[in-house]
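The sequence and coordinates come first.

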Amino acid sequence: MGDLANLVDVVDLARRVPSESTQQAVGYPSLFLLVVFGSLVPVVPTGAVVSSAAVVAIHQTAPPLSLLVVFGVASLAAFTGDVMLYWLGRRGVASKNGSRWLERIHDHAAPERLDQAQARLEEHGVAVLVLSRLIPAGRIPVMLACLLARWPLRRFAHGAGPAALAWAVTYQLIGILGGSLFPEPWEGVAAAVVLTVVISTTPALWRRLRRRTARDAQSEAAG
């Protein structure tokens with residue numbers, strides 16, 4: 001009877017380990033590539049990707065180790081993507097005709113946000129670059145301000161490193177919060193995605209509301 005129970009345990013373990021191992025083997029490289037791609041082309045919700053990975057990590061057999069790996073992969077990917085995009089942007093600044101990467105950075109930086117970023121960069125330096133990763137839609141205007149200020153790649157990398165670490169910690173904590181509220185991983189992933197979407201869209205909606213309110217006030221005053 002004991003041998004049968006041991007056999008059942010072994011079979012059950014054999015069913016679980018390959019599944020988790022395969023999940024990690026596929027998940028970590030996918031996490032890295034998605035975050036790098038999202039850093040280069042700001043259309044992928046990289047924060048939601050990291051939060052979802054954190055949710056999956058806390059439901060694995062060794063959550064602390066899995067979360068540490070997610071943190072390492074996410075922060076390295078964010079740093080790599082930022083440095084690559086800045087390098088491509090510097091090539092565009094140095095080129096007579098610019099580049100499509102520099103144009104893409106310009107397209108994602110509203111003029112008023114760029115003016116604010118340039119003023120803060122002149123006043124606070126690298127600290128602004130570190131904080132820009134934590135502000136929704138704040139990374140690109142500050143990066144463009146660094147490009148226009150002709151920062152060398154090494155100086156930019158000194159700020160991009162801590163920024164990537166802080167960003168990875170923040171969105172991993174969001175994933176841990178979302179995952180801890182629900183017993184099933186998919187429920188935690190859904191909660192984490194909702195949280196990241198709310199965090200990323202709320203500032204933009206608030207700015208839009210303030211501009212609309214200001215325009216309405218000006219129209220009433222003119223009328």
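Arg 90 is found in helix α3, which spans residues 63-94. Helices (H or I, at least four residues) and strands (E, at least two) are DSSP runs, numbered from the N terminus. The model is predicted, so local features need pLDDT of at least 70 and side-chain atom pairs count only at pLDDT 80 or more, while totals for chains, interfaces and linings use all residues. Residues are numbered from 1 along each chain as its sequence is written, and side-chain values use heavy atoms, with hydrogens and water left out.

Arg 90 counts as partly exposed because its relative accessibility is 34%; buried means under 20% relative accessible area, exposed over 50%, and partly exposed in between (1.4 Å probe, protein chains only). Leaving aside neighbours within four places in sequence, Arg 90 is in contact with Leu 147, Arg 150, Trp 151, Pro 152 and Leu 153, where contact means heavy atoms within 4.5 Å.

Val 189 is found in helix α9 (residues 185-222). Val 189 also counts as partly exposed, because its relative accessibility is 23%. Neighbours within four places in sequence aside, the contacts of Val 189 are Ser 52, Val 55 and Val 56. The table gives one C-alpha pair for each of the two residues.

| Pair | Separation along the chain | C-alpha distance |
|---|---|---|
| Arg 90 and Leu 148 | 58 residues | 9.0 Å |
| Val 189 and Ile 176 | 13 residues | 9.7 Å |

The chain as a whole has nine helices and zero strands. Buried residues make up 37% of its 223 residues. Among contacts between residues at least 6 apart in sequence, 76% join residues at least 24 apart. The accessible surface comes to about 12900 Å², with 65% of it belonging to carbon and sulfur atoms; areas come from the Shrake-Rupley method with a 1.4 Å probe, and for residues only the protein chains shown count as cover.

Helix α7 (139-148) is mostly covered, with nine of its ten residues buried. Among them are Arg 139, Met 143 and Cys 146.

Which residues touch the most other members of the largest nonpolar core? In this core of 44 residues they are Leu 31, Cys 146 and Trp 167. Each of the helices α1 to α8 supplies at least two residues of this core, and α3 gives the largest share, nine residues. A nonpolar core is a set of buried Ala, Val, Leu, Ile, Met, Phe, Trp, Tyr and Cys residues joined through side-chain atoms within 4.5 Å. Not counting residues up to four places away in sequence, Trp 167 touches Val 35, Thr 46, Gly 47, Val 50, Ala 74, Ala 78, Arg 133 and Leu 134.

A search of the whole structure finds two cavities of 30 Å³ or more. A cavity is a set of points on a 1 Å grid over the protein atoms alone where a 1.4 Å probe fits but cannot get out; lining residues have an atom within 4 Å of a point. The largest cavity holds about 40 Å³ of space, the volume being the space filled by probe spheres set on the points. Its lining consists of Asp 82, Leu 129, Ser 132, Arg 133, Arg 139, Met 143, Phe 156 and Ala 160.

Conventions
1 Å grid on protein atoms, 1.4 Å probe; cavity = no way out; pocket = protein on both sides within 12 Å on 5 of 7 lines; lining within 4 Å.
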